[in-house]
Amino acid sequence: MGSEAGTEPPRRVAIRDVAERAGVSKGAVSLAFNDRPGVSRATRDRIFAAARELGWSPHLSARSLSTSRVDTVGLAIALPARTPGLEPWSMEFVSGIASVLVERSCSLLPRLVRDVREEIAVQEAWWRGRQIGGSILVDLRDGDPRVPALRRLGLPAVVAGHPSLADGFTSVWTDDATAVTEAVRYLVALGHRRIARVDGAPGLGHTTIHEAAFGAAVRESGLGEGRTVATDFSGEEGARATRALPASVDRPTAILYDNDIMAVAGLSVAAEMGLPVPADVSLLAWDDSQLCQLTHPTLSAMSHDVFGHGARVLLTDLRGVAASARAVTPVGRVPPR
């Protein structure tokens with residue numbers, strides 16, 4: 001990946017730097033960090049202090065020290081509200097990544113973080129400690145601080161998101177705007193004139209793209225602005241949003257959800273409120289995971305190859321310097337209901 005104009009990425013701290021700072025040999029540093037005999041307690045403490053001052057930690061994969069291959073790829077996912085263990089999109093995406101890494105005899109280093117600031121610190125520690133050869137960035141926001149931070153480090157990365165968010169990093173993305181537009185047109189073709197959308201977390205780049213496409217599509221269809229309720233992607237928030245929509249004066253006859261968990265929660269709420277699906281209200285999910293097939297009735301959904309999307313992220317060259325964005329078009333299927 002390229003560096004900022006007129007600057008060079010800082011040199012990564014190496015074991016020799018720690019040895020020089022502590023006044024010992026590289027072998028002594030290795031002995032200290034591997035808890036081997038041969039260095040005194042005082043020398044060991046001096047080595048550890050030097051490593052802390054320089055921000056260095058030993059590489060966890062000796063093979064990566066002696067080869068130029070990307071043996072380990074980092075992936076940090078921010079929680080609080082979105083729980084990857086329960087969110088089908090995240091599980092499918094990670095499975096797609098893993099499928100490529102297994103073929104290349106590489107590994108994934110996942111990490112749950114609380115926010116972007118913590119992720120930047122984690123990425124820096126991984127890179128300076130030679131724990132990863134590259135990283136994957138997900139859930140980017142407009143002007144995301146992770147992009148310039150990784151560029152300053154010289155850390156190769158691929159963005160799973162729209163090129164407009166990647167700021168020159170290689171990106172792999174799905175054409176979500178077209179998919180949202182197709183969903184609205186499909187619902188209008190079925191006769192719906194009051195269409196609402198249960199949004200994802202505000203500020204995320206893909207949420208902004210969905211919101212803009214939804215607004216444009218409903219206006220194009222002569223339906224005004226359309227109604228959107230912001231959430232955090234959780235089932236609880238999806239249920240809350242669904243309860244609020246039927247209570248409005250102009251109750252929507254169709255609701256488009258930004259993920260499957262919220263759509264399933266919405267289906268349960270509709271049943272509680274005595275609104276048959278699809279007779280009284282049509283529900284449309286986003287990712288078409290297995291959850292959509294396990295409900296009664298089964299949910300209509302926009303079908304995306306999330307597993308393939310994760311695989312394509314790893315088919316890009318993490319160590320390359322090409323900054324060209326790569327477009328991956330979604331299937332965009334909306335099964336008739």
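This briefing walks through the helices, packing and backbone details of the structure above.

The model is predicted. The protein has 14 helices and 11 strands, and 50% of its 337 residues count as buried. Among contacts with a separation of 6 or more, 67% are between residues 24 or more positions apart.

- Helix α1 (residues 15-22) and helix α2 (residues 26-33) have axes 8 Å apart and pack at an angle of about 100 degrees. Angles of 65 to 115 degrees count as roughly perpendicular, so α1 is roughly perpendicular to α2.
- On the α1 side of that contact are I15, R16, V18 and A19, which meet K26, V29 and S30 in α2.
- With helix α3 (residues 41-54), the axis of α1 comes within 9 Å and crosses at roughly 120 degrees. The two helices, α1 and α3, are therefore oblique to each other.
- The crossing of α1 past α3 is right-handed.
- In this second contact, α1 contributes D17, V18, R21 and A22, while α3 contributes R46, I47, A50, A51, E53 and L54.
- V18 is listed in the contact with α2 and also in the contact with α3.

- How many aromatic pairs does a search of the whole structure find? The search finds 1.
- That pair is W89 and F93, with ring centres 4.8 Å apart and planes at 15 degrees; planes under 30 degrees apart count as stacked, so this pair is stacked.
- Both W89 and F93 belong to helix α5 (residues 88-103), where they sit 4 residues apart, about one turn of the helix.
- In general, an α-helix has 3.6 residues a turn, so residues three or four places apart point the same way.
- Are the two partners buried or exposed? W89 is partly exposed, at 21% relative accessible area, whereas F93 is buried, at 2%.

**Helix α7 and V147**

- Helix α7 (residues 146-153) has 6 of its 8 residues buried, so the rest of the structure largely encloses it.
- The buried residues of α7 are R146, V147, A149, L150, R151 and L153.
- Which elements do these residues pack against? The partners of the buried α7 residues are α6 (116-128), β3 (134-137), β4 (157-160) and α8 (163-166).
- V147, a member of α7, is buried with a relative accessible area of 2%.
- Beyond its neighbours within four places in sequence, V147 is in contact with L137, L140, L165, A166, D167 and F169.

**Helix α9**

- Helix α9 (residues 176-189) has 14 residues, which at 1.5 Å a residue should span 20 Å; its end C-alpha atoms are 20 Å apart, in agreement.
- Buried residues in α9 are D176, A179, V180, T181, A183, V184, Y186, L187 and V188.
- These buried residues of α9 pack against the strands β5 (170-174), β6 (195-198), β8 (254-257) and β9 (282-285), as well as the helix α10 (205-220).
- After α9 comes G191, with a positive phi near 105 degrees.

**Backbone details worth a look**

- As background, most residues other than glycine have a negative phi, and most peptide bonds are trans.
- V277 and P278 are joined by a cis peptide bond, with omega about 10 degrees. P278 lies in the loop between α12 (260-272) and β9.
- A cis peptide bond also runs from H296 to P297, with omega near 0 degrees. P297 is in the loop between α13 (291-294) and β10 (300-301).
- R130 is not a glycine, yet its phi is positive, near 55 degrees. This residue, R130, lies in the loop between α6 and β3 and counts as partly exposed at 27% relative accessibility.
- D288 is also not a glycine, and its phi is positive at about 60 degrees. D288 is in the loop between β9 and α13 and counts as buried at 18% relative accessibility.

How values were computed: Residues numbered from 1 in each chain as written. Predicted model: local features only at pLDDT ≥ 70, side-chain atom pairs only at ≥ 80, totals over all residues. Heavy atoms only, no water. Expected span 1.5 Å × (residues − 1). Buried < 20%, exposed > 50% of the residue type's maximum accessible area, 1.4 Å probe, protein only. Contact = heavy atoms within 4.5 Å. Phe/Tyr/Trp six-rings, centres within 6.5 Å; stacked < 30°, edge-to-face > 60°. Axes fitted to C-alpha atoms, helices over the stretch in contact; angles between N-to-C directions. Parallel < 35°, antiparallel > 145°, perpendicular 65-115°, else oblique. Left-handed = near helix turned anticlockwise from the far one by under 90°.
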